[in-house]
Amino acid sequence: MAPQTTHPAVLLSGTGLRKSYGPVEVLHGVDFEIRAGEVHALLGENGAGKSTLVKILSGLVQPSEGTIALDDKAVAFATVADAENAGIVLIHQEFNLAELRTVEENIFLGRERRKGLFLNKAAMRIEARALLDQLNCAAPVTAQVASLPVADKQMVEIAKAMSRKARVLFLDEPTAVLTKAETASLFALVARLKAEGVGIVFISHKLDEVEAIADRITVLRDGNHVTTVSADGISPDDMARMMVGRELSDFYPEMSAPSAETLLEVEEVSAPSVRRASFDLRRGEVLGFAGLQGAGRTALMEAIIGLHPIENGTLRLNGEACTFDSVAESKTNRIAYLTKDRKGKGLLLANDLVWNFSLFALDKFATPFLDRKAERAAYDAGTQAVDLRAASPKMAAGSLSGGNQQKLLLAKILEANPQIIIIDEPTRGIDVGAKAQIYGFIADLAAEGRGVIVLSSELPEIIGLSHRVVVMHNGMVTGCLTGDDINEETIMRYASGLVSERAA
Amino acid sequence: MTDTTAQQTKPGLLAGLDWKLLGPLAALVVLLIIGSLLNENFLSSGNLLNILTRSAFIGIIAIGATFVISSGGIDLSVGSMAAFTAGVMIMLMNWMLGMTDMIWLIVVVGIMAGALIGSAAGWLNGILITRGGIEAFIVTLGTMGIYRSLVTYLADGGTLSLDREVRALYRPVYYGDIFGLPIPVLLFALAAILGWLVLNNTAFGRHVQSVGANEDVARYSAINTDRIKVYAFMIQGACVALATIVYVPRLGSASATTGVLWELEAIAAVIIGGTLLKGGYGRIGGTIAGALILTLIGNILNLTDLISNYLNGAVQGVIIIAAVFLQRGLRRKS
C-alpha cells in the first residue's frame with residue numbers, strides 16, 4: 001500500500017443519487033466515486049442503502065434522480081450488459097452462474113471464443129485455466145459449476161470478471177464464504193488488480209478486512225452519505241461507530257430479568273452444517289445468536305424445529321428429552337420459528353392477509369369446516385396486537401411493506417401460542433420505526449414468560465436485546481457470552497473463530 | 001423494499017378474483033344463449049340433461065384434477081387410469097360369474113374394486129412424486145403409458161366386454177334416474193358439492209392450495225407437504241374411479257381407446273374454470289362450469305351446420321386460450 005503522491009483519475013462517479021421504490025425513498029442523494037487503482041470500502045448497516053447504491057452504479061436498477069459519470073463523461077446504464085461492456089462488473093453475494101454448465105463455459109458466457117463457425121474450446125480452456133491459476137483456484141475448467149464448493153464458485157465469478165477486463169469491480173461480501181487461505185489469495189489478487197489500475201469497491205461486514213485492504217472508506221446510514229475518509233488510521237471500532245452513528249441505548253426496550261427455570265436444553269446436537277452445538281434457554285429470556293453468514297445458526301434452529309434431521313445429541317424441553325420429526329410436531333410442543341426468508345418461506349405473497357395469518361394455526365379454526373368468523377376475529381385481535389397496518393384484510397400479503405410483512409409473520413406464529421419463539425433476522429429489510437416496534441414485541445414476549453431466541457447478523461441488535469449471547473462459528477458454538485462480554489469486539493472474536501470456549 | 005411498488009396492483013388482484021369466479025359462468029350463459037338461438041330444442045330438458053350426463057365423466061375427473069393442479073401438480077395419467085380401472089373391473093366381474101349366482105354381489109364387488117384401484121393408482125402417483133422426488137409431469141407421463149399398455153395387454157389388443165347378465169343389472173348406474181335426474185348427474189353433483197366443501201371449507205383444502213402457492217412456506221407453516229400432495233393425487237384417483245364406475249355400464253366394455261385424451265379435457269375444464277395451472281388457487285365451481293362449457297361446444301356444433309362438427313377440438317382450443325387470456329389480461333391491466 002504505497003501512498004499515492006497524486007490523486008489518480010476518477011473512473012466512475014455518482015452524484016446526488018436518489019432511489020425510490022413506490023412512495024418510499026431508500027437512497028437520499030448520495031455521492032460516491034471510485035478512482036483508478038484504489039480499494040474503496042463501502043460500509044453501512046443492513047438497510048443503509050449500500051446494495052441500492054451498488055445496483056445503481058452497476059446498471060442493475062435505474063436511479064430515480066442523480067447522474068453517473070464514467071471517465072468524467074455522463075453515462076446511463078440501461079442494463080447490466082451496458083455496464084459490463086463499459087468495464088463495470090458486480091460480483092453478487094448470490095452468484096450469477098449457470099450452475100449446470102462448466103467452469104469454462106461460465107467464464108466465457110456471452111463472449112465465447114470462436115474459430116470460424118465453431119467454438120474454440122481449446123483456447124477457452126487454456127485461458128480459463130490461466131485465470132484460475134492466478135487465483136490459486138484448483139477447480140477443473142471442465143467441472144460443472146454446481147459440483148464446486150462455494151469458495152470455488154466465488155473464484156469462478158472473479159475469473160469471469162477478470163476475463164471481461166473489468167475497470168471497476170464491485171465485490172459484495174466476497175469473503176463471507178471463503179476460508180482464511182482463500183481470503184488471502186483473493187486479497188493478493190485485489191492487490192494485483194489495483195496495481196493494474198482497476199478500481200475496486202469492497203463491501204464487507206468484516207471490518208478487520210476493511211482495515212487491511214481499503215484505501216478509502218465511505219459510510220452510508222439510513223440511505224444518507226455520512227462520510228468519505230482515507231482509511232489511514234481508521235480502526236474497526238471507528239468504522240462501527242460511524243456506521244451506527246446513534247446512541248443505541250434508547251433504541252432498545254427495557255428488558256425484564258429472566259427466571260432461572262430452563263425451558264429448552266440443547267446438548268451436543270449435530271445436524272447438517274451443525275457440529276455438537278449446546279445451549280440452553282430460560283423462561284423469560286432473550287437469547288441472542290451471533291455469527292457470520294453460514295456459521296450454522298439457521299441450520300441449528302431448523303434442525304431443532306424438525307425441518308432437518310438431528311444426527312446426534314439431545315433436546316430437552318421442560319426437562320424432558322424429545323425430538324421433532326416435523327414442524328407440526330414442534331408446533332404442538334409450542335416451539336415456533338420465524339424464518340429470515342419472509343418472501344420465500346414465510347408468507348404466501350399472492351394470498352390474502354387472513355389466509356396467511358391463520359395458516360400456521362389453522363387447526364384451531366377447523367371443526368372440521370373452517371369457522372371463518374372465528375378466523376376473522378382472531379385475525380383482528382392478532383394483527384392489532386402487533387400493530388399491523390393494512391388497507392384491507394383481503395389484500396395480498398406481497399403488497400405489504402417489509403415491516404408489516406414481518407408483523408404479519410409474527411402474528412401468524414403467535415396465533416399458535418408458542419412457549420419458545422425463534423426469530424431469525426427479526427428486522428431484515430424493514431424501516432427504523434418498525435424495527436423499534438419489533439424490539440418492543442420481543443421484550444414483551446420475554447416478559448410474558450416465554451423464551452425468545454433471536455438470530456441476527458446485526459450486532460447492535462443482538463447486543464441491545466439479549467440477556468445472553470451464543471456465538472457460532474463454522475457449525476460450532478464457540479461461546480456463550482454474558483454481561484460485559486456482550487460487545488461487538490468480543491462477539492466478533494468468537495464469531496470469526498479466533499477464540500473458542502471449547503477445544504475444537 | 002420493492003413490495004411497496006406492488007401496492008397499486010391490489011385492487012387489480014381483487015378484480016381478477018371476481019372475474020375468475022364470474023368469467024366461466026358468464027361464458028356458460030353466453031353459450032346457452034347461442035345454443036338456444038341456433039336450435040329450439042336446445043333448451044329442452046332432454047337435451048340439457050343429456051349435456052349434464054355427458055359432462056359427468058370429465059366433470060368428475062376434473063374435480064379431482066382441481067385438487068392436484070391447485071396443489072401445484074398435474075396428472076396426465078387419468079385417461080389411461082380410467083381405461084385400466086374399467087378393464088380390471090370388467091375382467092373381475094366376468095371372472096366372478098363362474099363363482100356365484102348373486103349378480104348384485106358381483107356388481108358391488110366390481111364397483112368396490114374400481115374404487116380401490118383408482119385410489120391406489122392415485123396414491124402410487126403421489127408416492128412416486130413425493131418419495132421419489134420426481135416431477136408430477138414425468139411420473140404421470142410414465143404411469144399414463146403403463147396403464148394404457150396394461151389395458152391393451154389385458155384386452156389382448158381387442159375389447160374387454162362385460163357379461164350381458166351383469167351389465168343388465170349394472171345398467172341403471174348410467175342409464176337410471178332418481179326423480180327424473182340421471183344417476184351420473186346426481187353423482188356429478190354430489191362429487192362437486194363434496195369437492196367444494198373440502199377444497200374451500202376445510203383446513204386440508206386450504207393446505208392443498210397453500211402447498212401449490214409456495215411449498216416452502218407451507219413446510220415452514222407446519223404443513224406436511226408430502227402428505228398433502230399424496231392425498232391430492234388420491235382424491236384424483238378416487239374421482240377417476242367414480243367416473244369409471246359410471247362409465248362401465250354405459251358401453252359395457254373397455255379397450256385401448258377407452259378414455260383417450262380425457263386427461264387433457266379434464267385439465268382444460270380446470271383451466272377454463274379459473275384454477276391456476278401453476279397451483280395455489282383452485283375453484284371447484286369454475287371447474288364444473290369448465291366441464292359444461294366443453295360439452296356444450298360439442299353439443300352446439302352437433303345441433304347446427306354453421307361449423308363442422310369436425311372442428312369441435314379447434315373451437316375448444318380457442319375457448320381455452322381465450323379464457324386464460326381474459327383472466328390474465330384483465331389482471332395485468334387493472
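Modeller: Two strands pair if DSSP finds at least two bridges between them. Strands (E, at least two residues) and helices (H or I, at least four) are DSSP runs, numbered from the N terminus. This is a predicted model: local features need pLDDT of at least 70, side-chain atom pairs count only at pLDDT 80 or more, and totals for chains, interfaces and linings use all residues. Residues are numbered from 1 along each chain as its sequence is written, chains are lettered from A and ligands numbered from 1 in the order in which they are written, and side-chain values use heavy atoms, without hydrogens and water.

Start with strand S11 of chain A, residues 216-221. Six bridges join S11(A) to strand S12 (residues 224-230) of chain A. These two run antiparallel. Leu220(A) faces His225(A) of S12(A) across the pair. The two strands form a hairpin, with two residues between them. In that turn, Asp222(A) has a positive phi of about 50°.

S11(A) also pairs with strand S3 (residues 39-43) of chain A, this time in the parallel sense, over four bridges. There Ala41(A) is opposite Ile217(A) of S11(A). Strands of a sheet pair through backbone hydrogen bonds, either parallel or antiparallel.

How enclosed is S11(A) by the rest of the structure? Five of its six residues are buried, so the strand is largely enclosed. Buried means under 20% relative accessible area, exposed over 50%, and partly exposed in between (1.4 Å probe, protein chains only).

Now to an open sheet in chain A. Its four strands come in the order S2-S1-S4-S5, with antiparallel pairing. Strand S2 (24-35) and strand S5 (73-75) are at the edges; each has a single partner strand, so one side of each lacks a neighbour in the sheet. From one strand to the next, the twist averages 25°. Strand S1 (residues 10-21) of chain A is joined to S2(A) by nine bridges. Ser13(A) is opposite Glu33(A) in S2(A). Helix H1 (residues 50-57) of chain A packs on this sheet, touching S1, S2 and strand S4 (65-70). Contact means heavy atoms within 4.5 Å. The direction of H1(A) makes about 120° with that of S1(A). Axes are lines fitted to C-alpha atoms, for helices over the stretch in contact, and angles run from 0 to 180 degrees between N-to-C directions.

Some backbone details come next. Most residues other than glycine have a negative phi, and most peptide bonds are trans. The bond from Thr367(A) to Pro368(A) is cis, with omega near -10°. Pro368(A) is in the loop between helix H12 (353-358) and helix H13 (372-385) of chain A. Glu425(A) has a positive phi, near 50°. Its loop runs between strand S19 (420-424) and helix H15 (432-447) of chain A. Glu425(A) is buried, with a relative accessible area of 4%.

Chain B has a residue of this kind too: phi of Ala222(B) is positive, near 65°. Ala222(B) is in the loop between helix H10 (215-220) and helix H11 (225-251) of chain B. This residue is buried, at a relative accessible area of 12%.
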